[in-house]
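This briefing is meant to be read beside the sequence and the coordinates.

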Amino acid sequence: MWTGAKRRWITYALCCELAAVATTGAALAAGFGGPVRPVWFAVLVALGVAQAEMSRRIERLRRWMSGQTHINVTSVWYLAGVVLLPPAWVALLAVVLYAHLWVRVWRHVRTRPAHRFVASTAWAMLSCFAASSVLTWSGLHGTPVQTPRGLVALCLAAVVFELVNVGLVAAGIYLYTSQRSTADLVGTWEDNAFEVATLCLGGLAALALVEQPVLVLFVIAPLLLLHRYLLLKQQLQVAAVTDEKTGLLNTAGWHESAVREHARALRRGAVGEFAVLMIDLDHFKRINDTYGHLTGDDVLAAVAVAISGAVRQGDTVGRFGGEEFVVLLPGLGRADVLGIAERVRVAVGELNVVISTGGGTVRVSGLSVSIGVARFPDTGPALDDVLRSADAALYRAKDAGRNRVAV
């Protein structure tokens, strides 16, 4: 069953897709923007496909690690197309390059489902069409790029493309996730600086194609390096908030997510609510003492998988150090929270961890967890109130005999 937010996103995406197709088709039929030079279209397609193929592995890794906002380096070729092609043909360029990325990269990535790909293609088409149309209507389209008037046209195209694209994508993210922070919707200052750098390379590509086409090859090398740097940046960001033993968020990463959810709950007022589960693996020291710390690490990793599988897809699971885990549960009533906590307890109890060691096979079973539950706003207005209450409930569960849920 679709939620209200998902229905709103689907309606918005369908409207954007229909607008992109209808506008492009009407412009092609009317010949809006003047005659097309097929050679420029073919060259830009070839350059975009070649660049995507050379960075295919990097792009796939970036998609796996990215959040909602994502810097798309193919805008280099879109901006060049805005300068060199009629509006409808720039939109078609976006379709061709996005379709190639889908076939070669995005369809293999779980975080890039087909419906989001189609919506992103429509947003790119509309952004390209808007930038190119502004140049046509202002009389700047076709102005020699190397003149002062051509430079103004190039800058105007870049600004219009960026503003329209950011607006369309931000609206889509808001409707899809209900996120409201500036960083969630439009990216950080650093993200946007990278986007500006990409557009600058697009301007250089357009100038090179007009003046000396072979020079466009010199744009590809810095573009690939920029792409690789973006991957490295994301890898460092992920490493900084990831627990190396379990693959879950570490304390800092989980707390950052909890702070954002708390801020969203405060903005929602009376309807804002979330819950926290504090989970402690019972008698973990016995496992370390019996089987060794390496086996203990494997058990922690298995417990992390069990907890993640027992909660909802949008819940946030972290490791608080030692044998303690924590789960953030947005938008749940008390009965639902207790149901998930019990599901976690049962999932861990059913674990049968088989570990291969140098001396044979070790089988660890009979695991259990004690869980403390606290909800916002029941426990107080601050995030620390929720965490302290969940921690206190956890100790009540342990004092009551372990392997149970306490509120």
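How many residues does helix H14 have, and what distance does it reach from its first C-alpha to its last? In this predicted model, helix H14 (residues 334-349) has 16 residues and reaches 23 Å between those two atoms, close to the 22 Å expected at 1.5 Å a residue.

**Helix H14**
- Val337, Ile340, Ala341, Val344, Arg345 and Val348 are the buried residues of H14, and they lie on the same side of the helix because they cover an arc of only 140° around its axis.
- These buried residues pack against helix H13 (293-310) and against strands S1 (274-281), S3 (324-330), S6 (369-376) and S7 (405-406).
- Arg345 is buried, with a relative accessible area of 19%, and its side chain meets that of Glu342 in a salt bridge (2.5 Å, N to O).
- Because Arg345 and Glu342 are three residues apart in H14, about one helical turn separates them.

**Nonpolar cores**
- The largest nonpolar core has 63 residues, with Trp77 and Tyr78 making the most contacts inside it, and helix H6 (114-138) gives the most to this core, with ten residues.
- Beyond its neighbours within four places in sequence, Trp77 is in contact with residues including Leu44, Leu97, Ala205 and Leu223.
- Apart from this core lies another, of 35 residues, among them Ala275, Ile279, Ala302 and Ala310.

**Other salt bridges**
- The structure holds twelve salt bridges, one of which joins the side chains of Asp297 and Lys245 (3.4 Å, N to O), linking distant parts of the chain that are 52 residues apart.
- Asp378 forms a salt bridge with Arg375, their closest N and O atoms being 2.6 Å apart; Asp378 is exposed at 53%, whereas Arg375 counts as buried at 10% relative accessibility.

Note on methods: Residues are numbered from 1 along each chain as its sequence is written. This is a predicted model: local features need pLDDT of at least 70, side-chain atom pairs count only at pLDDT 80 or more; totals for chains, interfaces and linings use all residues. Side-chain values use heavy atoms; hydrogens and water are left out. A nonpolar core is a set of buried Ala, Val, Leu, Ile, Met, Phe, Trp, Tyr and Cys residues joined through side-chain atoms within 4.5 Å. Buried means under 20% relative accessible area, exposed over 50%, partly exposed in between (1.4 Å probe, protein chains only). Helices (H or I, at least four residues) and strands (E, at least two) are DSSP runs, numbered from the N terminus. Contact means heavy atoms within 4.5 Å. The expected span of a helix is 1.5 Å times one less than its number of residues. The arc is that of the directions from the helix axis to the C-beta atoms. A salt bridge is a side-chain nitrogen of Lys or Arg within 4 Å of a carboxyl oxygen of Asp or Glu.
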